[in-house]
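Here's a quick briefing to read with the model open beside you.

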Amino acid sequence: MTPKGYSAGTHRTVAPAETLARVRRLMPVFGITRIANVTGLDRVGIPVVMVCRPNARSLAVSQGKGLDLDAAKASGLMESVEVWHAERVQLPLRLASLNELRYEHTVADVARLPRAAGGAFHDHARLLWVEGTDLLSSAGTFVPFELVHTNYVRPLPTGSGAFLMSTNGLASGNHPLEALSHAICELVERDATTLWNLMSTDAQRDTMIDVATIDDPACVHVLTRIARAELDVAIWETTSDVGLPSFLCAVLDRSPDARSAMPLSSGAGCHPSRGIALLRALTEAVQTRLTFISGSRDDVARGTYEASRDLRVLERFRSRFRDRAGKHFGDGPGREHARFEDDVAWELAALRGAGIAQVIAVDLTRPEFGIPVVRVVAPGLESIGDAPGYRPGARARQRISEGRA
């Protein structure tokens, strides 16, 4: 059994300080040069750090956030470590076409996997595959390798370009089940956010949470800090038919002064606990602000900053904050489990109930380090809707058609 030994703002098997002490000594091995506390660059005061890995094969900077500095450091460090693992996958690979593979092995439902716009795939295309385990059937199942690795150094591996590459569903933890739950929640969060963004403005308005109804102590603490920093906040519940609590949060300066205005900063979160799900969204929005301020991410385009200087753009965003929020925070699904086994079981049952037939986990853990890292692929869930090359899947197309009806 895997009890949750720590539950202050996040659910872990051990306290963040213990995770930090255990993993920090391995920083040189992973090419991590520093953990920078950037909290003081903003006025909110919620701890945020950036973790630098200059020779990364994907993003060179990871972010971390938390209710205290140890939690933020552990968050950022583990994110950097999990990406390092996915950049250097050491599992056996198969070079084959779908037709060559599917008669000998169980294969992911490729028709429901996130495709890349402009990418070409057919049953006879030869590409690399890696084997994982379908958590719903316990069967060994092959998935396209480009949905698992994060080594974006060119030239890309043979057969790349058909499926949408990202870090979606990549997670680490102090225990394999902790990592697995985190990965599943991230997949559900991205799917829910993408589907919510396809809703009409009126339908989105109906999902807005009345901040006054939020009673989770950790969330109230963060909301108080945001208010004292003279920022406006808006929260929408994005929970989809999967039924795992999901939220989207946005913060924006109250001042309309273009000389000092920041871009709209948003964050999303998903977790079996409604409080943890909302807290993740709130702290990620604060983290996004500090990402803009520090200028540390190599995937934030110049246009994002330029838009913040256009008062008309900011006013359009601000008008959404003035929508009447009528949804009570307590009205919605949520579970508080004492063990990670129960979290994962509930998450898998929810996915199965929403028509997801495969949830494939690829174990990327390196035994020499002993840090559980997993990549989860769930055919049928939507990927990151604003990612370059995103092409709507069946769930998104259904949402779009509902909006046109």
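In this predicted model, α5 and α11 cross in a left-handed way. Helix α5 covers residues 176-197 and helix α11 covers residues 340-353, and the two pack with their axes 9 Å apart at an angle of about 30°. Angles under 35 degrees count as roughly parallel, so α5 is described as roughly parallel to α11.

**Who touches whom: α5 and α11**
- On the α5 side, the contact is made by Leu177, Glu178, Leu180, Ser181, Ile184, Cys185 and Val188.
- Facing them from α11 are Phe340, Glu341, Asp343, Val344, Glu347, Leu348 and Leu351.
- Sort the residues of this α5 and α11 contact by class and you get 9 nonpolar, 1 polar and 4 charged.

**Another helix pair: α1 and α3**
- Helix α1 (residues 16-24) packs on helix α3 (residues 69-87) at an angle of about 45°, and their axes are 8 Å apart.
- With that angle, α1 is oblique to α3.
- The crossing of α1 past α3 is left-handed.
- From α1, the contact uses Pro16, Ala17, Thr19, Leu20, Val23 and Arg24.
- From α3, the contact uses Asp70, Ala71, Lys73, Ala74, Leu77, Met78 and Val81.
- The class count for the contact of α1 with α3 comes to 9 nonpolar, 1 polar and 3 charged residues.

**Cavities**
- How many cavities of 30 Å³ or more does a search of the whole structure find? The search turns up 3.
- The largest cavity comes in at about 130 Å³ in volume.
- Lining the largest cavity are 13 residues, and the closest to its centre are Pro114, Leu147, Asn168, Leu187 and Val377.
- Which strand gives the most to the lining of the largest cavity? Strand β13 (residues 373-377) does, with 3 residues.
- By class, the lining of the largest cavity has 8 nonpolar, 3 polar and 2 charged residues.

- The lining of the second largest pocket splits into 8 nonpolar, 3 polar and 6 charged residues.

Definitions and conventions:
Residues are numbered from 1 along each chain as its sequence is written. This is a predicted model: local features need pLDDT of at least 70, side-chain atom pairs count only at pLDDT 80 or more; totals for chains, interfaces and linings use all residues. Side-chain values use heavy atoms; hydrogens and water are left out. Axes are lines fitted to C-alpha atoms, for helices over the stretch in contact, and angles run from 0 to 180 degrees between N-to-C directions. Helices (H or I, at least four residues) and strands (E, at least two) are DSSP runs, numbered from the N terminus. Angles under 35 degrees count as roughly parallel, over 145 as roughly antiparallel, 65 to 115 as roughly perpendicular and the rest as oblique. A crossing is left-handed if the near helix is turned anticlockwise from the far one by less than a right angle, and right-handed if clockwise. Contact means heavy atoms within 4.5 Å. Ala, Val, Leu, Ile, Met, Phe, Trp, Tyr, Cys and Pro count as nonpolar, Asp, Glu, Lys and Arg as charged, and the others, Gly among them, as polar. On a 1 Å grid over the protein atoms alone, a cavity is a set of points where a 1.4 Å probe fits but cannot get out, and a pocket is an open set with protein on both sides within 12 Å along at least five of seven lines; lining residues have an atom within 4 Å of a point. Grid points are joined across faces, edges and corners, and a volume is the space filled by probe spheres set on the points.
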